Amino acid sequence: MTLAPTAPARPGVERNATPYLYGTELGLIAEVLASGQYGHSDVTETFERQVADFLGVQEVVAVSSGTAALHAALVAAGVGSGDEVLVPSMTFCASVQAILATGAEPRFVDIDPHTMCTTPDLVQEALTDRTTAVMPVLFGGRAIDLAPIADLLDQRKIAIVEDAAHAFGSHDRNGRPVGASGHLTCFSFGPIKNLTCGQGGAVVPRNPEDADRLRTLRLLGMVESAATRAASTTYQVTGTGFRYPLSALNAAIGTAQLAHFEEATAVRRTLWRTYRDALAGLPDIELVDVDVDRSVPHLCVVKVPDRDRVWAEMRRVGIGVGVHYPPNHLQPAFERWARLLPATEHLAGQILTLPFHQHLTEDGVHRTVAALRRALTTGDAR
Ligand SMILES: *Cc1c(COP(=O)(O)O)cnc(C)c1O
């Protein structure tokens, strides 16, 4: 069988999110295929170096996914059974599963309804004697500043492990890149994230010890590189480990994508601002603010009345709306850790994610907003 050489139709408003290729990916993947080195390789290490330079940090440890990054970062921070990790319920279930994978338990925290992010106050209120880590989720790409409680967390030896899956390329209020905060920061390079490797992720370590630990953790607890192992009759397993390498094939995609990240930034900001301006004419809706001047927006989320009906109406006319996210504390697997989270529960029935990806045109944005206006006013989006 041969693959038809026809390009797929350009995705539009029917997709909520989709990757965007710049055209250089295939050549770099072909080079890796020809090299015969598909696991962690010098291509992976080049990508790590490029990401570290982009963020202006000493080191980056690339792993196989954002979930792997969160799990390995928690383990590197010493989180394990008997511990509690604070996490917003309003996140992808991966954040919670990463906590459970360490043997620790999640303690769900509420969010600010305007940003969908947790706040220093909400975190402080939720701390317990068993809290050993806090996992802020940078919803939509917005940086979260826990500086007001940094000393408190430090005194209590509570680590900050940022779920920055949405926030690659964003900056905080001090102009520092997300990832350069001095905490453990975890990125996802999954298919629809701001920067994609196809699948992949990375942890920014706090110090060289974290970096060593993470490199051992991602490689089944082995300390030597593949090259060193190949030159010896034995190898050493020194501790806990997982199979979390970033494949060279995926790293090649990341390298190609990173070279065009300025374009990704500009397109995502322009699209988000276009949505913001177009939505200003709709009195019944509120846009979740991502701090677009400092962020690389990942999502465009609005709060609408009668969300389920509006969602169904938009879908019926072919607009790829979504919901980020159904709260985790109401999931069957996590309900034993449920707490009262008024803002999260209130928002759960209002949030609607509009199509947001780099193939989208300004015309697509206007069509989406027009359909939303009709769904809100007449109950008919056509
Ligand atoms: C995508 C995502 C993850 C998980 O990343 P993967 O690369 O898919 O494993 C974790 N948290 C959030 C908020 C995400 O959006």
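The legends below describe views of a predicted protein model.

**View 1. Overall fold of the predicted model.** The secondary structure of the protein consists of 13 helices and ten strands. Its radius of gyration is 21 Å, close to the 21 Å given by the globule rule for 382 residues, so the protein is as compact as a globular protein of that length. The C-alpha trace spans about 75 × 60 × 40 Å along its principal axes.

View 2. Of the 382 residues, 54% count as buried. Among the contacts with a separation of 6 or more, 71% are made by residues 24 or more positions apart.

**View 3. Surface and charged side chains.** The protein has an accessible surface of about 16,800 Å², and carbon and sulfur atoms contribute 52% of that surface. There are 33 positive and 42 negative side chains in the protein. The centres of these two sets lie 4 Å apart.

View 4. A disulfide is a covalent bond between the sulfur atoms of two cysteines. A search of the whole structure finds zero disulfides. Cys-93 accordingly takes part in none, and the nearest cysteine sulfur, that of Cys-186, is 16 Å away. A pair of cysteine sulfur atoms would have to lie within 2.5 Å to count as a disulfide. With a relative accessibility of 32%, Cys-93 is classed as partly exposed.

Note on methods: Residues numbered from 1 in each chain as written. Predicted model: local features only at pLDDT ≥ 70, side-chain atom pairs only at ≥ 80, totals over all residues. Heavy atoms only, no water. Helix = DSSP H or I, 4+ residues; strand = E, 2+ residues; numbered from the N terminus. Rg over C-alpha atoms; globule rule 2.2 N^0.38 Å. Buried < 20%, exposed > 50% of the residue type's maximum accessible area, 1.4 Å probe, protein only. Contact = heavy atoms within 4.5 Å. Areas by Shrake-Rupley, 256 points an atom, 1.4 Å probe, with all protein chains shown as cover. Lys, Arg positive; Asp, Glu negative; His and termini not counted. Charge placed at Lys NZ, Arg CZ, Asp CG, Glu CD.
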